Amino acid sequence: MSLEATSGMRTTRAGRPIYMDHHATTPALPEVLEAMSPYFTEEFGNPSSATHAYGARAAEAVEASRRCVASLIGARPDEIVFTGGATESDNLALKCAEGRAGQHIVTCAIEHEAVLVTCEKLAEQGWEVTVLPVDGHGLLDPEDVARAITRRTALVSIMMANNEIGTIEPLAEIGRICRERGVLLHSDAVQAAGRIPVDVGALHVDLLSLTAHKMYGPKGVGALYVRDGIAVPSMLHGGGQEGKRRSGTLNVPGIVGFAKAAEIAMRDMEVESTRQAGLRDRLWDAISSRLDQISLNGHPTRRLPNNLNVSFAPIEAEALLTSLRDCVALSSGSACASGDKKGSYVLRAVSGEDSRAARSSIRFGLGRGNTVEHVDTIAEHLARAVERLRSLAPQTVEVPVGSNSTTPRTASTERRVHP
Ligand code: PLP
């Protein structure tokens, strides 16, 4: 994307706002579309059609894609179950607990709703659910996980990296604890995959959720990694596809696109993550040098390379987003939660129920298309908008818990903390 002046406001060449909401979704890359294209037309076969070459070629494409997605996370191809996205993967993962002894699940307060709401449903069915707190940086203490596990615990579900504040959880340590205690560990790695290395062996996870549209692939396709030997109950009954684990005709173009996105992520991860972390740090420097009374949400070092989350208290995030919407596409939190009057439940878990940070924070999700020019333009518009809104409503500024003026520098730190 390049910039040009449009009615006094600098936007992209097409006159659209600069997109910096890559935690919500990412655009499919041209190579991804190119790889998918034949599977809508000449290679349209159903991979379950075993009697002719059309079916065989589609089945070959699916198996090649399975190998590619598996290699992104250090898994075996037969440990990958293709799904309709991460919500389905998370639901399916938690279903795996049902076949085990004990009816207790351990999770944490800042998980995505795909996990939290599924846990609520299990609680309605009589399951005991322990929701662990996080500290002021959004970090979970592995010792809390160890203390929460009882003889009844069937499964622990902890995300690898948070979708709002970017904090990277100590998953390998949690994995060791779960393995020692014989408890299944599921991780939602949707925001981490393709941005930081994910190795299911080193993390000791048993189940791991992925989705293509957060890594420059198509929407509506994802995967659940299921460690060899773990039984997956059928959520959808029918033709028995995916080893009877997920019935339904496979989304061949989507799966091929997912694999291409995974291949590109593996190829470019180091360079892109370092570049985006540099842009993210530049954005923080630019914002914090122009504005006082702001604070960084999330961990200063253990965070995703493309994530910045900043509180501009006492300004309401929605007011700030409205004043910026012609220039930049940002959000105040997860795509599913935006519009919630109480503000982000993730930030409430991090900064306290009454904290203004939950209603005054903006999430910046950098991506492949963002440039230095984007960052500088956004910082300039943001500073002007914040100053204007503050002058309209000069209130006492509450600096939230977890506030930190430390620059979130990190791409390399993330790689160090995650084997
Ligand atoms: N988990 C996390 C951490 C997410 O950020 C999202 C998307 O917002 C999901 C799960 C749901 O993914 P999908 O849109 O593929 O269902």
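Colleague: Which residues of S8 point one way, and which the other way?

Modeller: First, this is a predicted model, with local features needing pLDDT of at least 70, side-chain atom pairs counting only at pLDDT 80 or more, and totals for chains, interfaces and linings using all residues. Residues are numbered from 1 along each chain as its sequence is written, and side-chain values use heavy atoms, leaving out hydrogens and water. In a regular strand the side chains alternate between the two faces of the sheet. S8 covers residues 184–188, as a strand here is a DSSP run (E, at least two residues; helices are H or I, at least four), numbered from the N terminus. One way point Leu184, His186 and Asp188, and the other way Leu185 and Ser187.

Colleague: How many of the residues in S8 are buried?

Modeller: Buried means under 20% relative accessible area (1.4 Å probe, protein chains only). By that cut-off S8 is mostly covered, and the count is five of five.

Colleague: Now the ligand: how far is a polar side-chain atom of Lys214 from one of its oxygen atoms?

Modeller: Lys214 is among the residues that come nearest to the ligand, where near means a heavy atom within 4 Å. His213 also puts a side-chain N or O atom 2.9 Å from a ligand oxygen. For Lys214, the distance is 2.7 Å.

Key: Polar contact = N/O pair within 3.5 Å; in protein donor to acceptor, adjacent residues only side chain to side chain. Buried < 20%, exposed > 50% of the residue type's maximum accessible area, 1.4 Å probe, protein only.
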